Amino acid sequence: MKKRLKRILFIFCITPIIMFGLIYIGLTAYYADGFMFGVFINGIYATGKTPEEINEKLLEQEKSEPLIIVDKFDESISFDLKQIGYQVTYLTGLKEIHKKQNPFLWFKGLSGEYSNYSIEPEGIFDEEKLKNKLFETSFIKNAGDKNKIKVEIEKTSEGYQLVDTTKNLLNKERALEAVSEVLKKGEGRINLKEKECYDEVELTKEMKDNMALWEKIERFQSGKITYQMEGEQQEILDASVTSNWILQDEEGEFLLDEKGELQLDQEKLQEFVEGLCDKYDTTKKDRQFQTTRGDVVVVPAGTYGNKIDKKAEIEYLMEAFAQKKEEVHTPAYSQRAWGEGEDDIGDTYIEVDMTEQKLYYYVQGRQVLSASVVTGCTGKGNGTPAKACYIYYKQRNRVLRGEDYETPVDYWMAVYGNIGIHDAKWRGKFGGTIYKSNGSHGCINTPYKEVQKLYEMAEEGTPVMIFY
């Protein structure tokens, strides 16, 4: 009886021990392949999971983004990692964590003391592809070559520029190593200057002299004047123009003043202003003119139109250039047309049709006066010239004098040289073909009542289109 009782007690005591041992051994085997109880990696609960399984979960959180490469000038490019077969993996770090754990101590996690790990990914890529693709990028191609360094001043269509290859001597191999290292660490940005990927060189005396000269040139050709001309037209005065104003000797060497500064070639500045005048002075422009009789005629250039004040503009540019101004400038005019743009005659003007021997006055496009006239005598070689001109002077009670005449008139409106519109009380008839044999000395003889009205209405500056 006692033996039986002892056997029962033995079985009762040994069974839990065996059960516990089996459970312990089973869990030990379970955690031998996976992470132990209470393990978190990068915020993911890893208990019982293999490194491969956790790697997949971590990769699900990864975003496919390009590598940002920053050069020494703080300019950046985006490097597409797909072209080098780039991938990331956490397996190395995961296996290290897994290797350090003791599966026989799995029960430590039951105490509530969890293990939190943080690991970084590792980059995997094709090294040869990285080299080929990296060397094709702009910051590598545009980098200077230590064996071909120079500091030179070159003339371009945009002005003088400094070519200085000493400032961008990127060591390509060092850059490749730095980029490769960053990619292997799974980082997404690299600053090549911080990674010491640039070479430094000692400047020669010639290089230093060129740099000193460049500073003078840069100051000289700085500033920008935008000429706002009639309508929407503009003329830009910047380094592309002012670089040509540096005074040079016959051999093209820059001439310095007593202070060692570059000098302004004033003749070139004047040439620029004269070029503006040639291009925009409309006093030199023939006019397409719609006549009252219905056709379009070409009225030869005369005195009417815009005329840039050459002296004022030269003075302005001298001051603006000295102060290196940057502004929009409307040129000064010694004479202004009444209208703007191509058709600067406007809609208020006097029309003298010498074929029809008629004078018309239009105000804001409406004809307010019409008169028959007598123009210069073509038979005696005194024909009135066809010109685009204007009333530049008005006078009452003037005496007209010539080689063989002295004639008083009550109303005088000078339009071109000694030619004017005036009354002619000695004439009984106007119009027709009188001008061919008995015309004036060149003036436009107008009936008294009509010229009186015209004198009262027309202002100085009124355009006068004279034509056949």
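Which exposed residues sit on the face of helix 12 turned away from its buried side?

A: They are Lys449 and Glu456. Exposed means over 50% relative accessible area, buried means under 20%, and partly exposed lies in between (1.4 Å probe, protein chains only). This is a predicted model: local features need pLDDT of at least 70, side-chain atom pairs count only at pLDDT 80 or more, and totals for chains, interfaces and linings use all residues. Residues are numbered from 1 along each chain as its sequence is written, and side-chain values use heavy atoms, with hydrogens and water left out.

Stay with helix 12, residues 448-457. Helices (H or I, at least four residues) and strands (E, at least two) are DSSP runs, numbered from the N terminus. The buried residues here include Val451, Leu454 and Tyr455. They lie on the same side of helix 12, because they cover an arc of only 100° around the axis. That arc is taken from the directions from the helix axis to the C-beta atoms.

Now look at pairs of helices. Helix 2 (residues 51-60) and helix 3 (residues 91-100) have axes that come within 9 Å and cross at roughly 140°. Axes are lines fitted to C-alpha atoms, for helices over the stretch in contact, and angles run from 0 to 180 degrees between N-to-C directions. The angle makes helix 2 oblique to helix 3. Under 35 degrees counts as roughly parallel, over 145 as roughly antiparallel, 65 to 115 as roughly perpendicular, and the rest as oblique. From helix 2, Pro51, Glu52, Ile54, Asn55 and Leu58 meet Leu91, Leu94, Lys95 and His98 of helix 3. Contact means heavy atoms within 4.5 Å.

Helix 4 (residues 127-134) and helix 6 (residues 172-184) form another pair, with axes that come within 11 Å and cross at roughly 130°. Helix 4 is therefore oblique to helix 6. Among the residues in contact are Leu130 and Leu134 of helix 4, and Leu176 and Leu183 of helix 6.

Leu183 also touches Tyr86. Tyr86 sits in the loop between strand 4 and strand 5 (87-89). Tyr86 counts as buried because its relative accessible area is 17%. Its other contacts include Gly123, Ile124 and Phe125.

Two strands pair if DSSP finds at least two bridges between them. Strand 3 (residues 67-70) pairs with strand 4 in the antiparallel sense, over 4 bridges. Ile68 stands opposite Ser78 in strand 4.

Another open sheet of 3 strands has the order 12-11-16, again with mixed pairing. Strand 12 (234-237) and strand 16 (326-329) stand at the edges with a single partner each, so one side of each has no neighbour in the sheet. The twist averages 15° from one strand to the next. Strand 11 (residues 224-228) pairs with strand 16 in the parallel sense over 4 bridges. Tyr227 has His329 of strand 16 as its bridge partner. Helix 9 (residues 266-280) packs on the sheet and touches strand 11 and strand 12. Helix 10 (residues 310-323) packs on the sheet too, touching strand 11, strand 12 and strand 16.

How values were computed. Lists of a residue's contacts leave out its neighbours within four places in sequence.
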